[in-house]
Amino acid sequence: MSDASPLLREPWPSLERQKVAVSFGMWVFIASEVLFFGGLFLAYTVYRHLDAEAFKAAARETEVFYGATNTAVLLTSSLTMAMAVKASEEGLRRMTLWCLGTTAALGLAFLVIKGFEYHSDLEKGLWPGPDFPLHPAATQLFWAFYWIATGIHAVHLTVGIGIVTVIAVQLKRGTLPVEATRFEGVALYWHLVDTIWIFLLPMLYLVGRA
Amino acid sequence: MTGAFPPEASVYAGQWDRLFAVLATVSALVVLLIFLLIVGFSIRYRRGSRAPRGFLPEIITNELELTWTSATAIAFLFLFWWAAVQQLHNIVPPKNAIELHVVAKQWMWKVQQPNGVREINELHAPVGRPVRLIMTSQDVIHSLFLPALRLKQDVLPGRYTYLWFTADKPGVYHLLCAELCGTEHSRMTGRLVLMTPADYARWSAAQPGAENLAADGEKLFRSFGCSGCHAPGANVHAPDLDGVFGRKVHTADDRTVTADEAYLRDSILLPQKDVVAGFKPIMPSFQGIVNDDAMVKLIAYLKSLSAGTRP
Amino acid sequence: MSSETHSTFKLWRKPSLIWLGLLLLLAISVGSAYIPLGPGNGAINYGVAVTKAALVLVFFMHLDRSRALIRLAALAGLFWLGFMFALSLSDYLTRDWNGSATTLAPAKKDLATHERGDFPKDRLPLAPQFGSRD
Amino acid sequence: MSDAALIYVRHRDKEESYLQHGHTLWSWLATTDHKRIGILYALSITFFFFIGGMAAGIVRIELMFPHGEFLSDDAYNRMFTLHGIIMVWFFLVPSIPTTLGNFMMPMMIGARDVAFPRLNLMSWYIFVIGACFAIFSIVAGGVDTGWTFYTPLSTMFSNGAVISAAAGVFIVGFSSIATGVNFITTVHMLRAPGMAWFRLPLFVWAIYATSLVMVLATPVLAMSLLLVMAERWLGMPIFNPANGGDPILFQHLFWFYSHPAVYIMVLPAMGVVSEVFACFARRRVFGYAMMVYAMMAIAVIGFFVWGHHMFVAGESQYANLIFSFLSFIVAVPSAIKVFNWTATLYRGQITFEAPLIYALGFLGLFTTGGLTGLFLASVPIDVHVTDTYFVVAHFHYIMVGGSVSAFFAGLHFWWPKITGRLYSEAWARFAAIVMFLGFNTTFMPQFIMGYGGMPRRYHVYPPEFQVWHVMSSVGGIVLFVAYTLPLIYLTWSLFYGKKAGANPWGATGLEWQTASPPPKDNFEALPRVKAAPYAYHPDREAPDPDKREPETMQGEMP
């Protein structure tokens, strides 16, 4: 009736069909994530329109060094994730494992760098509240947006690292064959998290630098 | 039917009632048409009835489909046009409107008449003359609802919202809060008292605490130290406020803003927001120093400057 | 051995090129942020961000070789996002126009004569008056 | 396993339905069978329907007296907020898609299950977790901000359990995103061979359009509630007007979800009603293609009209104009659908079973609700009637008169297929008529007092509205009775109802070509689809009065 390989899930007639469904389902989920972050970006755009000066003043306080290195780290992790999928399609188990490991490691590196950045921001007291160092009150809006956007992105990244590690371990233990359909889905999710950060970089770090 | 139709106290109430009446009749007709069709078809074409049931040619079904689609679309566009015209008619209030300041606070309305008379949960206004309400809230979003005038406008904290009307029937009507604002939202009601101009003049003169807003504003202008920089003779390089109200101001970051109440209020509370071109942002913020009542007086004073009549 | 290493090298070639392109774009955007270009800065920052996102979407997420259905799903989110931004900003951008509920910008005909003309760029409205008044 | 073995396994399961496939609690709680998950959802939303209904009953009784006899102001505010939150997110949004949609849609397209069965079960558990948060917020004293959570009331001035209520709704949002993703992938990827897009039954089209709206609108709600929680809990001044925050921004984000949400509630109802009209009038749906375009148009344009909730909120007049125009445009597809349903009855062989009575009720009430929407779309009238009982009556006509009547129509229409039992027809018709009468007595007076200026969410009100409130409260009691009747006779039918055959109504869908209750894998062997839906009578002639089974069934079993 069909190539009833152990990978075939219940309702699917063929593995190929299931593979397309997994990536289609993930793309629909990505559309919802785009709108989830889109709501936040709308808030950013509106407040930037309402008080551009305060936004520029507040944005000068962010540290571009951390932002830029983090972007480079995340872009590299996107490369290794894409390679993991390509290797799994070619059936190269060892390379897939290596790529997944590097992706997870780069994700962790991102979080560590982020931790340092958060630490230095808190040192400067940049948490919105009554004794906020920057003067016009609207700067607190930028920093509220900064903490929320990077916070939600970090949560998404941690979930991503978790999933990548899980499938890496399953691959190593052999419970998950190398040509499973799951790799494609996880890669799409990881690239989404990276694309969100690609847009966060100019919004948070490159505003009002000139 | 007591509560059916609220009393009409303004020209606009009448117009909008007519729009409502037309929409109501159109809707009633459509619902009646659907009802009759359903009942008619159900009886005529119930199972086993002998009514003729020849088939409907394809063309008829498509044409029928097309007609009622375009019919509804055209009807709705006409209704939109009519409503839009009525809405656009009264966006910009006339120039010579009497200005009342309304401050909404959790669960009361504070109204200040032009001559400084203050009242709680009461709004006295003359009939026959345009009246403009400049409204702000001190805490949450409220909404001033005058059913007799068919008017409602949310009152937002940290910003001015405006409502204007020209009433034509004296009387006492409801004044309600229409946006959920906390525990006693339903008790935050009051009276809208519309009087003939003569009664209104007599009433407002007889009220205690009638004083000249602009004169008070000037005293505050000096006591808060504004005159230190903004007076003509001052040695600090600050914008001259003579005739500032309604002027188009060119700001430092190349924007042109109209100097209205909202601009004056922002410039006093958040001076960094719209720094005037050619000036350094040295003005301190008066947030927490100038409360809403003092703000009303200061703005009245600044407006009196632009009217060219030095108090 | 060589064919195996050769094929892995071939495997890495295209994605690595994309990756280098991304890093280059990153360098451009960060570098250009420090050059005072006025509105140009915003354009470059977001233009580069859009190109980087497009690179990741098309090559790393294989939009180039996936079916039309998946491309449609990819664009669906952006289509709705566009409408959300357009209609929300239609409120914020038109708030200060004449006749908006919040500001009383006097109609052209109500303006005093000296105010009606387009305000001359060279003469700032407030500063010189201050100077000239004795 | 070789093919022969597979067929043998299938054979043994033939007489064993999905209900007998496992009897332990674990077999229910860990099921990935879309039919069982549909039933799990049905039980949970019925539970929440009666909690929300209780709150509504208390509000209605409290409003019989202008000066409020039983509740304090605060308790009243918390009561109607509870009614709002529970009814919108825990009953109406999940009602038809997750119960009838989950159960019926895979069978109607000839699939064995949804695309991601485990994701389906996970979405039910996410719903349960969200429900726990909501129940905790009720127990912890409830919320007094209304179901709209307007800031700065919800962020700075409310002392209710806003965070746990917002967290509950936030989590339930992800349950409906998961369901949406699942259904979209299922309809795209798992249609039986021969089931072209324009051979899909209209109920499947409705579920597909609803899933699109669920997936694309719910995330923005999640974000707006997240910002409210961040401001309230972490002190982030996002909507705080003191430092430049704009409360209207929250309203933009909230209504960007909440208007498409009302289309999430009404679109599945339109799907159910199309099926019921075609089946009981024994006729093809009038203008099938137009109905499909109208449904998709509602789903798409529904996203562009949210500004009409904010005409008086301080939005700019130009934005009011744009949203007013778009709101008039979105009303056109709904009007087309009403005319098409009415035309489906023309020249039919109509029999008046309970599902059709509910559907006729839907048609009348939905038309009234939809037309009053035109009043609210024109700015001058909306300025007067927004935030009054006119608006309350409008959305209850569409959500309760439309969506809940259609939910009951669908429940009765597919009850024989779900449980294999026939309910008592007399009781069902009686309940449908009582519900229609009770509903009108409850909400028609609210239109009248709404235009009279009776504001919304008022605990004490001007005494001249009391006569309408008493009329409405009496209607409320009748409605409450009408809602408990189905609970009784449907449960009764579970044990004593007559056995229902595979196709008791003589409908043409694929779900009627398998046993009822259906086996675990829906079909012995996947059917091939050879005909368009609703082929009750030969293309050129009228339906035959006494022939029970339809002209051509949609699928042909191999």
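1. Let us start with one pair of residues: B:R132 sits opposite B:W164, which belongs to β8(B). Strands here are DSSP runs of E with at least two residues, helices are runs of H or I with at least four residues, and both are numbered from the N terminus. Two strands pair if DSSP finds at least two bridges between them. B:R132 is also the bridge partner of B:E99, this time as a residue of β5(B).

2. A word on what you are looking at. This is a predicted model, in which local features need pLDDT of at least 70 and side-chain atom pairs count only at pLDDT 80 or more, while totals for chains, interfaces and linings use all residues. Residues are numbered from 1 along each chain as its sequence is written, and chains are lettered from A and ligands numbered from 1 in the order in which they are written.

3. Now the sheet around that pair. In chain B, five strands make an open sheet with mixed pairing, and their order is β3-β2-β1-β5-β8. The edges are held by β3 (118-120) and β8 (161-165) of chain B; each has a single partner strand, so one side of each has no neighbour in the sheet. On average, neighbouring strands of this sheet are turned by 25 degrees against each other, direction ignored. For such angles, axes are lines fitted to C-alpha atoms (for helices over the stretch in contact), and angles run from 0 to 180 degrees between N-to-C directions.

4. Which strands does β5 of chain B join? Strand β5 (residues 131-137) runs antiparallel to β8(B), with five bridges between them. With β1(B), β5(B) runs parallel, and seven bridges join the two.

5. Follow β1(B) to its other partner. β1(B) and β2 (residues 108-112) of chain B run antiparallel and are joined by five bridges. B:K105 faces B:M108 of β2(B). The two strands form a hairpin with two residues between them, and in the turn B:W107 has a positive phi of about 85 degrees. Six of the eight residues of β1(B) are buried, so this strand is largely enclosed by the rest of the structure. (A residue is buried if 20 or more other C-beta atoms lie within 10 Å of its own, exposed if 12 or fewer, and partly exposed in between, with C-beta atoms placed from the backbone.)

6. Chain B has another sheet to look at. This open sheet of five strands also has mixed pairing, in the order β4-β10-β9-β6-β7. At its edges stand β4 (122-126) and β7 (151-155) of chain B, each with a single partner strand, so one side of each is left without a neighbour in the sheet.

7. Contact means that the C-beta atoms of two residues, placed from the backbone, lie within 7 Å.

8. Stepping back, chain B holds seven helices and twelve strands. Its C-alpha trace spans about 100 × 50 × 35 Å along the principal axes. The radius of gyration of chain B is 27 Å, whereas a compact globule of 311 residues would have one near 19 Å. This radius is taken over C-alpha atoms, and the globule rule is 2.2 Å times the number of residues to the power 0.38. Of the 311 residues in chain B, 39% are buried.

9. How is chain B divided into domains? Its assignment gives domain 1 (1-41 + 92-211) and domain 2 (213-306), with bounds from an automatic or database domain assignment. Taken over C-alpha atoms, the centres of these two domains of chain B are 31 Å apart. Their contact takes eleven residues from domain 1 and eight from domain 2. On the domain 1 side, β1 (98-105) and β5 of chain B are the elements that give two or more residues.

10. Finally, the neighbours. The contact between chains D and B takes 74 residues from chain D and 68 residues from chain B. α11(D) gives the most to the chain D side, with 14 residues. The contact between chains B and A takes four residues from chain B and five residues from chain A.
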